[in-house]
Amino acid sequence: MDIDRNALAQSILALTEGETDTVALMATVVCELHNHHPFADWTGFYRVVAPELLKIGPYQGGHGCLVIPFSRGVCGASARTGQVLNVPDVEHFPDHIACSSTTRSELVLPVWNGKGRLLGVLDLDSNTEAAFTAEDEAWLVPLLAQVFHDAD
Ligand code: SME
């Protein structure tokens with residue numbers, strides 16, 4: 001199955017237009033990505049709720065860990081460094097948090113609003129090894145910036 005990234009981006013932008021509520025935006029992005037990306041087995045946001053602390057936000061898939069400090073896991077590393085992390089094999093990522101034993105690869109992207117405040121991270125997990133590509137990364141970075149630009 002292939003993915004029409006352009007159509008999916010258009011649909012996400014149309015659905016979220018004019019919305020500034022962070023959780024409403026996160027819920028909509030998660031739903032669209034999870035239902036249209038062929039390799040997404042768990043898709044969700046972790047929100048920054050206190051200094052150096054992430055808590056689960058809207059997600060789809062099996063239950064996720066509720067709390068992740070910036071010091072832990074792939075999500076924590078992305079929030080701490082502000083880097084996109086594409087991990088083709090989680091077994092080779094030191095300190096990966098295994099919320100689900102079936103997860104083989106993941107892509108985590110930091111999410112900022114237009115004022116430069118870190119809102120959280122988007123976590124895409126797959127049961128397939130090396131599921132996420134540089135194309136996914138290059139497509140999602142500007143899309144997230146646009147969707148969350150006016151988020152409060
Ligand atoms: N994969 C994440 C943990 C969250 S879940 O798997 C839902 C990590 O290592 O940061």
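**Salt bridges in close-up**

**Figure 1. R5, E135 and D136 are joined in a network of salt bridges.** The model shown is predicted. R5 counts as buried because its relative accessibility is 14%, under the 20% limit. E135, by contrast, is exposed, at a relative accessible area of 52%.

**Figure 2. D95 forms a salt bridge with R72.** The closest N and O atoms of D95 and R72 are 2.9 Å apart. D95 sits in the loop between β4 (85–87) and β5 (105–112), and R72 in the loop between β3 (67–69) and α3 (73–81), so the contact ties together parts 23 residues apart in sequence. D95 is partly exposed, at 36% relative accessibility. R72 is also partly exposed, at 35%.

**Figure 3. E91 forms a salt bridge with R104.** The closest N and O atoms of E91 and R104 are 2.7 Å apart. Both residues lie in the loop between β4 and β5, so this pair ties together parts 13 residues apart in sequence. E91 is exposed, with a relative accessible area of 61%, whereas R104 is partly exposed, at 22% relative accessibility.

**Figure 4. The structure holds four salt bridges.** Side chains of opposite charge can pair when their charged atoms come close.

Definitions and conventions
Residues numbered from 1 in each chain as written. Predicted model: local features only at pLDDT ≥ 70, side-chain atom pairs only at ≥ 80, totals over all residues. Heavy atoms only, no water. Salt bridge = Lys/Arg side-chain N within 4 Å of Asp/Glu carboxyl O. Buried < 20%, exposed > 50% of the residue type's maximum accessible area, 1.4 Å probe, protein only. Helix = DSSP H or I, 4+ residues; strand = E, 2+ residues; numbered from the N terminus.
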